[in-house]
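We will walk through it stop by stop, selecting a few residues at a time.

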Amino acid sequence: MSHSKLDLDQGLVESCRQAAARIAADVGEQLAGMTSVAVERTVARLFGIDGANELGAPLPNVVVDHVRAGGGLGKGVAHWIANAMIHVEGTDPPPAQTGAPSEPSGTAGAQRIAQAVEEGTLDLCALALAPEGAIRERARAELEHAVTAIDARMETRRALREHLGESPPPLRYVLTATGNVYEDVVHGLAVAEAGGDIVAVIRSTAQSLLDYVPYGPTTEGYGGTFATQANFRIMREAMDEWS
């Protein structure tokens, strides 16, 4: 019989695990029918809403705050976006498109709706409600399309790794944390030139505590660089060009 280096009472460990499982299950059951602004912002992004207003507030935040102020957040932001899509575009979703734009196009249904909310020309909670079944089907169709696009990108990465292979371990892992994405690119290229395998761009200190997702290229991170879609693209394009 093997013993842990800490010589712990395995019976007590198992008892603690069972207690933790019961607590987690109880909390999960209580929270199952609830939501949060963070969850709803993620759903808004999954619909394809992107970009920020003149004050730098991300449009997903704008839409969620709008629905929350209207007292409708309990139904989920997907309910209100899908209902607005039915009003704007009809019952059927638009034809599926291959790929995804690298920047907000401003032409997708959810994006147009978000911009109208930001401009104050559309009140999502004041629109007449389509039948519940139609709203659910429209939301499901839109989100299935988004998940399919994510799955396709994952499959592309998997195929590339199989085709190109990976360096044998140990991998040379180097950090960069200048706060300025353009300086990070300089560091990243130096790492690649020196034979590094992985460049880790460290996220700005306490970014996870922010009540929003930063938007666009940034040059003023603290202890690291803000993780934004634009910054990801800048670093990725530089590394791809070097490769």
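The tour below goes from a surface patch to the helices and then to the salt bridges.

Before we start, note that this is a predicted model, in which local features need pLDDT of at least 70, side-chain atom pairs count only at pLDDT 80 or more, and totals for chains, interfaces and linings use all residues. Residues are numbered from 1 along each chain as its sequence is written, and side-chain values use heavy atoms, with hydrogens and water left out.

**Stop 1: a nonpolar patch**

Select Ile-23, Val-27, Leu-31 and Met-34, which form a nonpolar patch on the surface with about 400 Å² of accessible area together. Patches take residues with over 30% relative accessible area and no salt bridge, joining nonpolar side chains (Val, Leu, Ile, Met, Phe, Trp, Tyr) within 5 Å and like charges within 9 Å. The areas come from the Shrake-Rupley method with a 1.4 Å probe, and for residues only the protein chains shown count as cover. Helices here are DSSP runs (H or I, at least four residues), as are strands (E, at least two), numbered from the N terminus. Leu-31 has 49% relative accessibility, so Leu-31 counts as partly exposed; buried means under 20% relative accessible area, exposed over 50%, and partly exposed in between (1.4 Å probe, protein chains only).

**Stop 2: helix α3**

Next, select residues 59-69, helix α3. Is this helix largely enclosed or open? Since 8 of its 11 residues are buried, α3 is largely enclosed by the rest of the structure. The buried ones are Leu-59, Pro-60, Asn-61, Val-62, Val-63, Val-64, His-66 and Val-67. Show α2 (37-46), α4 (77-89) and α5 (109-119) too, as they are included in what covers these buried residues. Following α3 you will meet Gly-71, with a positive phi near 80°.

**Stop 3: α4 against α5**

Keep α4 and α5 on screen. Their axes come within 10 Å and cross at roughly 100°; the axes are lines fitted to C-alpha atoms, for helices over the stretch in contact, with angles from 0 to 180 degrees between N-to-C directions. The two helices are therefore roughly perpendicular to each other, a label for angles of 65 to 115 degrees. To see where they meet, select Ile-81, Ala-84, Met-85, Val-88 and Glu-89 in α4 with Gly-109, Ala-110, Arg-112 and Ile-113 in α5; contact means heavy atoms within 4.5 Å.

**Stop 4: salt bridges**

A salt bridge is a side-chain nitrogen of Lys or Arg within 4 Å of a carboxyl oxygen of Asp or Glu, and by this rule the count is 10. Begin with Arg-41 and Asp-211, whose side chains meet at 3.1 Å, N to O. Arg-41 lies in helix α2 and Asp-211 in the loop between β2 (198-201) and α8 (229-242), so the pair ties together parts 170 residues apart in sequence. Arg-41 is buried at 11% relative accessibility, while Asp-211 is exposed at 52%.

Move on to helix α6 (residues 132-164), where Glu-142 and Arg-138 sit 4 residues apart, about one turn of the helix. Their closest N and O atoms are 3.1 Å apart. Glu-142 is buried at 13%, and Arg-138 is buried at 1%.

Finally, select Arg-158 and Glu-155, bridged at 2.3 Å, N to O. Both lie in helix α6, 3 residues apart.

Methods. Parallel < 35°, antiparallel > 145°, perpendicular 65-115°, else oblique.
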